[in-house]
Amino acid sequence: MSSSKALTKAMVHFWQNMSQKEDDPNSANPMLYDPIQDGIGTTRKLMQFIAATIVALGAVSAGTVLAWTSPVVNQLRGNDSFNMTDDQESWVGSLLAIGAFFGAIPAGILADMIGRKYINMALALPFLISWGFIIFATNIGMIYAGRIFAGIATGAVCVVAPMFISEIGETSIRGALGSFFQLFLTMGILLVYAAGSVVDWRTLSGICAIAPAMLAVGMIFLPESPVHLVKKERRNDAIQAIKWLWGKQCNSRAAIQVIQNDVDAAAGKASMRDLWTIPANRAGLIICLCLMLFQQISGINAVIFYTQPIFQSAGSSLDASLCTIIVGVVQVFMTFGSTLLIDKAGRRILLMQSSIVMGACLTMLGIYFHLKDGGTDVTAIGWLPLVSLVLFIVSFSLGFGPIPWMMMGELFGPDVKGMASSIAVMLNWTLVFIVTKSFGMMNVTFGSDVTFWIFAVCMAIATTFTALKVPETKGKSGAEIQMILAGKQN
């Protein structure tokens, strides 16, 4: 209920901001204008949120790709043209992760060479090609081809969208903007869950193609990342981009000088070796990779996989498709809650609550299934798995869901951000493949209880790592973050 009120209040603020006169910052709502104390002047937030929303349409596209198999697999199994087997179903899921791995490899490098704007725009093409293959598929091979193209686009968008979003926002709202990627990803997932419950798989695929088409059109109207323009020595273009994003009232030259200082501090053409030999780069990469690792070994896929059995174990008579929609709604609302909290509470505290609560929920799920599989009557605690599931998803959505993607855009200097982001996304999708493929084997070998307990131990390790190694980046400039990572500032 409180999440619904927060969303309603935020929308009211948004439309109030839309009606403000942009030429009068003194009378504007503070959500729209913000007087900055670091010499940047009065800035306007609205266009930054609009730009981040357009870029995040790539995340919506990725979310639809991720969730597509959930409502579609049973339809393909019963279709005479496909008659999908268990092995083919496994490949439909696995090819996405494989394609994403290879899509992430060149994405960061191309974003540095060509620009964030044009790479984000170009990624609409493989998304649309993938849905074209699937919509007109007459055999399983066309489905495979569609999933490979979808994977390539998804892997690449996971690199370039967070990168672009992190470079267009001012410090005071960078965290909120950074959480847009995961927020819109969950919106894409919810879209598929909801639409997939009422339409056939070809119609659903057509609906999924709308988001990348909107991405291609929307990107036309956005300026290039000011950071990229400064790197390419296009200072005048960078000033115009800042004015478009931050408003004409801001001191654009001072803002560009801050970016120039960050770029100059990382002057020269970076190599892969620099990621390991320069202390700040090495620390940032290790933290980013560990956050991606803990995100995937949190057991999120295992918990989502068990959604229907958990609802049933709790005595629910809800339809399976409605259960998934409920899970999708919880994810969207709580990830939205993260955007409201992240620049107030900070990154570390949200990560730590996430890992602690998820670890407790996984422990409870393990205990429940241990008792249930051991023949104990669990009727009296039938509510436990349902409560654990909801709390797990809430905590994931507030912490380890959005924050690793957001911090990926914060932890690296302009010279290595492309390479480092590609490596982080490649690891993430490798882990998706490994965890998804091994989950069934773990259940058979160890049992459901031990499987959940293994994930709980991983969350205990995540809590310790976050407390000891993850710096608080809230309110810090890029240069300050690099100094913290280098050990020169607390």
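Author: A residue is called buried under 20% relative accessible area, exposed over 50%, and partly exposed in between, with a 1.4 Å probe and protein chains only. At 1% relative accessibility, Phe452 therefore counts as buried. The model is predicted, so local features need pLDDT of at least 70 and side-chain atom pairs count only at pLDDT 80 or more, while totals for chains, interfaces and linings use all residues. Residues are numbered from 1 along each chain as its sequence is written, and side-chain values use heavy atoms, without hydrogens and water.

Reader: How is a pair of aromatic rings described?

Author: The distance of the centres and the angle of the planes describe a pair of aromatic rings. Rings of Phe, Tyr and Trp (its six-membered ring) pair if their centres lie within 6.5 Å; planes under 30 degrees apart are stacked, over 60 edge-to-face, and the rest tilted.

Reader: How many aromatic pairs does a search of the whole structure find?

Author: The search finds 9 aromatic pairs. One of them, Phe181 with Trp405, is tilted, at 5.3 Å centre to centre and 50° between the planes. Phe181 belongs to helix α10 (residues 180-196) and Trp405 to helix α23 (residues 403-408), so the pair ties together parts that are 224 residues apart in sequence. Helices here are DSSP runs of H or I with at least four residues (strands are E, at least two), numbered from the N terminus.

Reader: Are Phe181 and Trp405 buried or exposed?

Author: Both Phe181 and Trp405 are buried. Phe369 and Phe452 form a stacked pair, with 5.8 Å centre to centre and 25° between the planes. This pair links helix α21 (residues 347-373), which holds Phe369, to helix α25 (residues 448-469), which holds Phe452, 83 residues apart. Phe369 has a relative accessible area of 5% and is buried.

Reader: Which residues form a nonpolar patch on the surface?

Author: Patches take residues with over 30% relative accessible area and no salt bridge, joining like charges within 9 Å and nonpolar side chains (Val, Leu, Ile, Met, Phe, Trp, Tyr) within 5 Å. A salt bridge is a side-chain nitrogen of Lys or Arg within 4 Å of a carboxyl oxygen of Asp or Glu. Here Ile109, Leu110, Met113, Ile114 and Tyr118 form the patch, with about 490 Å² of accessible area together, by the Shrake-Rupley method with a 1.4 Å probe, where for residues only the protein chains shown count as cover. Helix α5 (residues 86-114) gives the most, with 4 residues. Tyr118 sits in helix α6 (residues 116-122) and is partly exposed at 46% relative accessibility.
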